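Subject: Structure handover and notes

Hello,

Here is the structure you asked about, followed by notes on what turned up in it. Please keep it open while you read.

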Amino acid sequence: MESVQKGLEKLKVGDLVQNGQGHTGIVVGIGYAGNCPSYDKCPFLNPDIHVITPLGKRLWSYKVLELISEGR
């Protein structure tokens with residue numbers, strides 16, 4: 001079993017992601033406080049992913065995310 005889903009090791013602020021329910025959003029922070037700029041620079045084992053969606057700010061688990069498009 002892979003520890004990180006394919007593509008998520010490159011996850012960073014500004015990326016477009018989709019969760020397991022089909023909702024999409026833009027990553028605005030990674031980690032407990034949302035202050036890590038990318039997944040690989042986050043010291044936490046299972047970091048929270050802070051996402052802005054059409055319904056507002058949400059916390060998603062990285063385990064249920066799929067990277068749709070990388071930010072600039």
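Is isoleucine 68 buried, partly exposed or exposed? The model is a predicted one, and in it isoleucine 68 has a relative accessibility of 41%, so isoleucine 68 counts as partly exposed. The class follows because partly exposed covers the range between the buried limit of under 20% and the exposed limit of over 50%. Isoleucine 68 sits in strand β5, which runs over residues 66-69. On the surface, Ile68 belongs to a nonpolar patch together with Leu16, Ile26, Val28 and Ile52. The accessible area of the patch comes to about 370 Å².

The largest nonpolar core has 13 residues. Those that touch the most other members are Leu11, Val17, Val27, Ile30, Ile49 and Leu65. Two elements, β2 and β3 (48-53), each give two or more residues to this core.

Serine 38 is in the loop that joins β2 and β3. With a relative accessibility of 10%, serine 38 counts as buried.

Now the charged residues. Side chains of opposite charge can pair when their charged atoms come close. The number of salt bridges in the model is three.

- Lysine 10 pairs with glutamate 70, with 3.7 Å between the closest N and O atoms. Lysine 10 is in the segment before β1 and glutamate 70 in the segment after β5, so this pair links distant parts of the chain, 60 residues apart.
- Lysine 12 pairs with aspartate 15, where the closest N and O atoms are 3.4 Å apart.
- Glutamate 70 also pairs with lysine 12, at 3.6 Å from N to O. Lysine 12 comes from the segment before β1 and glutamate 70 from the segment after β5, so the pair ties together parts that are 58 residues apart in sequence.

Through shared partners, these salt bridges join Lys10, Lys12, Asp15 and Glu70 into one network. Aspartate 15 has 0% relative accessibility and counts as buried.

Asparagine 19 lies in the loop between β1 (16-18) and β2 (24-30). At 10% relative accessibility, asparagine 19 counts as buried; the reasoning is that buried means under 20%. Which residues does asparagine 19 touch, not counting those up to four places away in sequence? They are Trp60, Val64 and Leu65. A polar atom of the asparagine 19 side chain is 3.0 Å from the backbone nitrogen of glutamine 21.

Valine 64, one of the residues touched by asparagine 19, is in the loop between β4 (56-61) and β5. Valine 64 is partly exposed, with 45% relative accessibility. Apart from residues up to four places away in sequence, valine 64 touches Gln18, Asn19 and Gly20. Although valine 64 and asparagine 19 are 45 residues apart in sequence, their C-alpha atoms are 5.4 Å apart in space. For leucine 55, which is 36 residues from asparagine 19 along the chain, the C-alpha separation from asparagine 19 is 14 Å.

Regards

Note on methods: Residues numbered from 1 in each chain as written. Predicted model: local features only at pLDDT ≥ 70, side-chain atom pairs only at ≥ 80, totals over all residues. Heavy atoms only, no water. Helix = DSSP H or I, 4+ residues; strand = E, 2+ residues; numbered from the N terminus. Buried < 20%, exposed > 50% of the residue type's maximum accessible area, 1.4 Å probe, protein only. Contact = heavy atoms within 4.5 Å. Polar contact = N/O pair within 3.5 Å; in protein donor to acceptor, adjacent residues only side chain to side chain. Core = buried A, V, L, I, M, F, W, Y, C linked by side-chain atoms within 4.5 Å. Patch = residues over 30% accessible without salt bridge, like charges linked within 9 Å, V, L, I, M, F, W, Y side chains within 5 Å. Areas by Shrake-Rupley, 256 points an atom, 1.4 Å probe, with all protein chains shown as cover. Salt bridge = Lys/Arg side-chain N within 4 Å of Asp/Glu carboxyl O.
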